[in-house]
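Reader: Please show me the sequence and the structure. I would then like to ask about them.

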Amino acid sequence: MKILTIAGTRPQLVKVAPVSRALRKHVTEVLVNTGQHYDYNMAGVFFEELNIPKPDYDLGIGSGTHGKQTGDMLAKIEEVIFQEKPDAMLVYGDTNSTLAGALAASKLHIPLIHIEAGLRSYNRKMPEEINRVLTDHVSTLLFAPTETAVTNLNKEGIVQNIINVGDVMYDAVLYNTTIAEKKYDLKQYGLREKEYVLATIHRAENTDSKETLTAILKAFTKLDETVLLPLHPRTKNKLSEYGLTELLNNANNLQVMEPVSYLEMLFLEKHAKAIVTDSGGVQKEAYFSKVPCLTLRPETEWVETIEVGCNRLVNPLTEDLTKIIQEFNPTDYSKQLYGDGHASEKIAQEIVKYFG
Ligand code: UD1
Ligand code: UDP
């Protein structure tokens, strides 16, 4: 059996690593890298560090408007399908690379497998929400990470071939945490255990508003702790566009960094006092690391982390983010919210079972 996998952004590479490892024991996988993310620290380092197989196709799409980026991918993925004639296609998550893969597969009647199916923010202004809804509705086999995701699919009338296998990002964390711990040391950063805050910001709703971005940075400057900010390129561009670079440079406790590698990120997450983020993946990793998480969004797809009290949504424009960071102190991380760490193997086995 031949599976054509489509990936191309940082979070997808983190997910591809454990799944490819499991999948390739059973089937032939052809890997297509769309190139949606292309800087070394957004893509290349993940291939190297996580031993992701070399892509069979590098589409080199890069950045663009949603229509141009998705459209270019669609055309190029179609060419690969003609060439490879796969038995099924595999897509991850909710990015434009996901949607392009899903559309290409469904138009050519190639069965589609969606990993991380059923997540919903119920906010149709998010491009990711459109991408994931459309992808789920053209998928043949849907791997949901949680029961909430299964219920979300059922509510939309999708009731067949849904399997809750847990979250492949948990597999990745379990596999890599010890490796990360051996590789890094807090002394390298001049930091002490639980005495710094780690923050990532990249969602359009935060980066595309000067007012919001300013409010977030100002809240950070009022903290006593160092705040590490590995900056997504989208955010970096916006900071200079808004003239906020000076605010950053003048703040003694803000340590701006280039995006860090996955292992470095796991290390920094584990030892932080708190994590402030608008990332999907980072919210879950905060839970896995047992670190309090503050999410700068009006809603989250990862509702379980909120329900157990370990994650809190914060509006930086109307709430006192500084005070919330200082005071938020969840303690119960005992529940296994995202499966047992064997999601990738289950996915491989279910694929073999389904396609025979
Ligand atoms: C994308 C996903 C988002 C995901 C995020 C993970 C979509 C619609 N969004 O958002 O769901 O959470 O990836 O990080 O697919 N850029 C670079 N170098 C790069 C990549 C991007 O400079 O290697 C800059 C470009 O200016 C680009 C901007 O970042 O225009 C945004 O990149 P893009 O891939 O369009 O979306 P993300 O914000 O990364
Ligand atoms: N990540 C990383 N380096 C960074 C920031 C994030 O390795 O500087 C990892 C993070 O640990 C997680 C994944 O990237 O595994 C999340 O990706 P991102 O936040 O870009 O996207 P999202 O999950 O929001 O779609």
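Reader: How far is an oxygen atom of ligand 2 from an N or O atom in the side chain of Glu-285?

Author: The model is predicted, so local features need pLDDT of at least 70 and side-chain atom pairs count only at pLDDT 80 or more, while totals for chains, interfaces and linings use all residues. Residues are numbered from 1 along each chain as its sequence is written, chains are lettered from A and ligands numbered from 1 in the order in which they are written, and side-chain values use heavy atoms, with hydrogens and water left out. A polar contact here is a pair of N or O atoms within 3.5 Å; within protein, one must be able to donate a hydrogen and the other to accept it, and residues adjacent in sequence count only if both atoms are side-chain atoms. For the side chain of Glu-285 and an oxygen atom of ligand 2, the distance is 2.5 Å.

Reader: Which helix supplies the largest share of the shell around ligand 2?

Author: Helices are DSSP runs (H or I, at least four residues), numbered from the N terminus. Helix 1 (10–23), helix 12 (262–271) and helix 13 (280–288) each supply at least two residues of this shell. The largest share, four residues, comes from helix 13.

Reader: Are helix 1 and helix 16 parallel or oblique to each other?

Author: Their axes, lines fitted to C-alpha atoms over the stretch in contact, with angles from 0 to 180 degrees between N-to-C directions, come within 8 Å and cross at roughly 45°. Angles under 35 degrees count as roughly parallel, over 145 as roughly antiparallel, 65 to 115 as roughly perpendicular and the rest as oblique. Helix 1 and helix 16 are therefore oblique.

Reader: Which residues come nearest to ligand 1?

Author: A residue is near a molecule if one of its heavy atoms lies within 4 Å of it. An oxygen atom of ligand 1 is 2.7 Å from an N or O atom in the side chain of Arg-234, and one is 2.8 Å from a polar backbone atom of Asn-96. Of the 19 residues around ligand 1, the nearest are His-37, Tyr-38, Asn-96, Glu-128 and Arg-234.
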